[in-house]
Amino acid sequence: MLYFSLTTWSLHRNLGPLRWTRWNEADGGYLTEPQDQPELLTLLELPVVLAAKGFGAANVCHFHIPNEGEEYARALRAAFEAAGVRLFTLLLDYGDLSTADEKRREADLAWLKRWIDFASAAGAERVRVVAGEAAPDDANALRRSAEGLRELCAYAAPRGVRVVTENFRPLTSTAANCLALLEACGESLGLIADFGNFAGRTKLEELGRIVPRASEIHAKAMTDAAGMPDADELRSCLELVRECGFAGPITLVYDGPGDMWEGIERVREIVNPYVG
């Protein structure tokens with residue numbers, strides 16, 4: 001059955017401090033840099049709040065996790081289990097499996113595997129891995145990405161974690177590439193379909209090709225300067241979900257201005273008829 005999930009990106013102004021990861025080309029390694037911001041809610045407090053607001057699951061962005069140690073992973077698992085909320089997906093926003101830079105690729109694979117270990121300890125069911133930053137017409141980059149995803153799938157499976165990717169960033173900015181990666185990796189790889197990551201006049205056509213293959217939907221609404229969602233546009237995306245008989249979590253995504261909980265509720269009001 002369909003049910004509501006929430007990504008911590010929808011609360012990115014409420015959770016802190018953030019920890020951004022980037023590749024440092026000069027040193028040939030990655031850097032994790034903290035970004036100070038007010039902390040209105042800790043990640044360990046979040047599951048109880050989500051349960052009270054009717055969310056059955058959550059996606060946690062890796063940069064909201066303040067500590068990568070096993071003790072914190074166990075505490076995070078305990079917090080979600082006590083609240084009765086599924087830690088569905090750990091969203092990893094760093095890593096480029098499509099790069100031709102072998103040094104970076106190996107470093108990124110090692111980094112991703114460490115986060116898979118964390119996900120396993122924290123009780124996350126899946127990890128979202130970015131397929132790549134290369135141009136979508138780069139066939140060699142697509143091949144490298146598929147090889148990396150297969151390696152990560154094999155690493156994650158015995159740890160009880162499923163690897164998924166998403167129509168996110170340049171390489172998977174086309175439905176064709178999303179589907180090609182699923183074909184290359186077989187049943188071991190899952191897919192998130194995010195409404196907000198395709199654009200233009202072909203958006204619905206592209207979404208229509210990947211939604212039937214998706215195991216999770218990110219319902220991101222297009223918003224105006226005041227944070228008001230384009231209800232008609234969002235409903236047109238949700239109709240695709242209804243038509244294909246999707247059954248799983250609908251993850252709400254809000255990143256507009258103003259109070260984030262109010263923005264989330266505006267999106268949920270539009271999505272609610274499709275979940276009930």
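Asp93, Arg128 and Glu166 are linked in a network of salt bridges. A salt bridge here is a side-chain nitrogen of Lys or Arg within 4 Å of a carboxyl oxygen of Asp or Glu. This is a predicted model, in which local features need pLDDT of at least 70, side-chain atom pairs count only at pLDDT 80 or more, and totals for chains, interfaces and linings use all residues. Residues are numbered from 1 along each chain as its sequence is written, and side-chain values use heavy atoms, with hydrogens and water left out.

**Charged pairs**

Side chains of opposite charge can pair when their charged atoms come close. In this model the count comes to 18 salt bridges.

Strands are DSSP runs of E with at least two residues, helices are runs of H or I with at least four, and both are numbered from the N terminus. Arginine 126 and glutamate 216 are both buried. Buried means under 20% relative accessible area, exposed means over 50%, and partly exposed lies in between (1.4 Å probe, protein chains only).

Lysine 203 belongs to helix α6 (residues 203-210) and glutamate 233 to helix α7 (residues 231-243), 30 residues apart. Lysine 203 has a relative accessible area of 7%, so it is buried. Glutamate 233 counts as buried because its relative accessibility is 19%.

**The barrel**

A closed barrel of 8 strands runs β1-β4-β5-β6-β7-β8-β9-β10, with parallel pairing. Neighbouring strands of this sheet are turned by 30 degrees against each other on average, direction ignored. Two strands pair if DSSP finds at least two bridges between them. Strand β4 (residues 57-61) and strand β5 (residues 86-91) run parallel and are joined by 5 bridges. Cysteine 61 stands opposite leucine 91 in β5. Helix α3 (residues 102-122) packs on the sheet and touches β5, β6 and β7; its direction makes about 170 degrees with that of β5. Such angles run from 0 to 180 degrees between N-to-C directions, with axes fitted to C-alpha atoms, for helices over the stretch in contact. Contact means heavy atoms within 4.5 Å.

**The hairpin**

Strand β2 (residues 18-24) is mostly covered, with 5 of its 7 residues buried. β2 runs antiparallel to strand β3 (residues 29-35), and 7 bridges join them. Arginine 22 has leucine 31 in β3 as its bridge partner. β2 and β3 form a hairpin with 4 residues between them, and glycine 28 in the turn has a positive phi of about 65 degrees.

**The cores**

A nonpolar core is a set of buried Ala, Val, Leu, Ile, Met, Phe, Trp, Tyr and Cys residues joined through side-chain atoms within 4.5 Å. The largest has 84 residues, of which Leu90, Val163, Ile250, Leu252 and Val271 touch the most other members. Another core, of 6 residues, lies apart from it; Leu18, Cys61, Phe63 and Ile192 are among them.
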